[in-house]
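Have the sequence and the 3D view open side by side. Then follow this short tour, one contact at a time.

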Amino acid sequence: NVGRASFMVLEKLTNMNGMAKISTPENAPRLFDLITPKDPKFAPAFYKAVGNTLVAKDMEQANRIAYGAKR
């Protein structure tokens, strides 16, 4: 078993407009904004991989963001 690998061609990554900072619920940071690539040319690949995934402080915040304050 040799596993599986995925590859991205940096020159082919398009529509990376979403990499700019955005406002998020409860000011939760995006995972992408917490990543600092060694070379900025790799930023589009990281954005393609994690997108707008948010990082919550705890499960309570995650549930509020995902399902709203009232349930």
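## Helix ends

G68 comes after α3 and has a positive phi, near 90°. Another glycine sits just after α2: G51, with a positive phi of about 55°. Helices here are DSSP runs of H or I with at least four residues, strands are runs of E with at least two, and both are numbered from the N terminus.

This is a predicted model, in which local features need pLDDT of at least 70 and side-chain atom pairs count only at pLDDT 80 or more, while totals for chains, interfaces and linings use all residues. Residues are numbered from 1 along each chain as its sequence is written, and side-chain values use heavy atoms, with hydrogens and water left out.

Now look at the start of α3. There, a side-chain oxygen of D58 reaches to within 3.2 Å of the backbone nitrogen of E60.

## Charged pairs

Side chains of opposite charge can pair when their charged atoms come close. A salt bridge is a side-chain nitrogen of Lys or Arg within 4 Å of a carboxyl oxygen of Asp or Glu. How many salt bridges does a search of the whole structure find? The search finds 2.

The table also gives relative accessible areas. Buried means under 20%, exposed over 50%, and partly exposed in between (1.4 Å probe, protein chains only).

E26 has another partner to find. Q61 lies in helix α3 and touches E26, A28 and A56, not counting residues up to four places away in sequence. Contact means heavy atoms within 4.5 Å. Is Q61 buried or exposed? Q61 counts as buried, at 4% relative accessibility.

## Where α1 meets α2

Move to helix α2, residues 43-50. Its A43, P44, A45, Y47 and V50 are buried. The buried residues of α2 pack against α1.

Aromatic rings meet here too. Rings of Phe, Tyr and Trp (its six-membered ring) pair if their centres lie within 6.5 Å; planes under 30 degrees apart count as stacked, over 60 as edge-to-face and the rest as tilted. By this rule there is 1 aromatic pair. F32 and Y47 form the pair, and its geometry is edge-to-face: 5.3 Å centre to centre, with 80° between the planes. The pair links distant parts of the chain, with F32 in helix α1 and Y47 in helix α2, 15 residues apart. F32 is buried, at 10% relative accessible area. Y47 is buried as well, at 12%.

What makes the nonpolar surface patch of about 220 Å²? L31, L34 and V55 make this patch. L31 is found in helix α1 and is partly exposed, with a relative accessible area of 30%. Patches are made of residues with over 30% relative accessible area and no salt bridge: like charges are joined within 9 Å, nonpolar side chains (Val, Leu, Ile, Met, Phe, Trp, Tyr) within 5 Å. Accessible areas come from the Shrake-Rupley method with a 1.4 Å probe; for residues, only the protein chains shown count as cover.

Note on methods. Polar contact = N/O pair within 3.5 Å; in protein donor to acceptor, adjacent residues only side chain to side chain.
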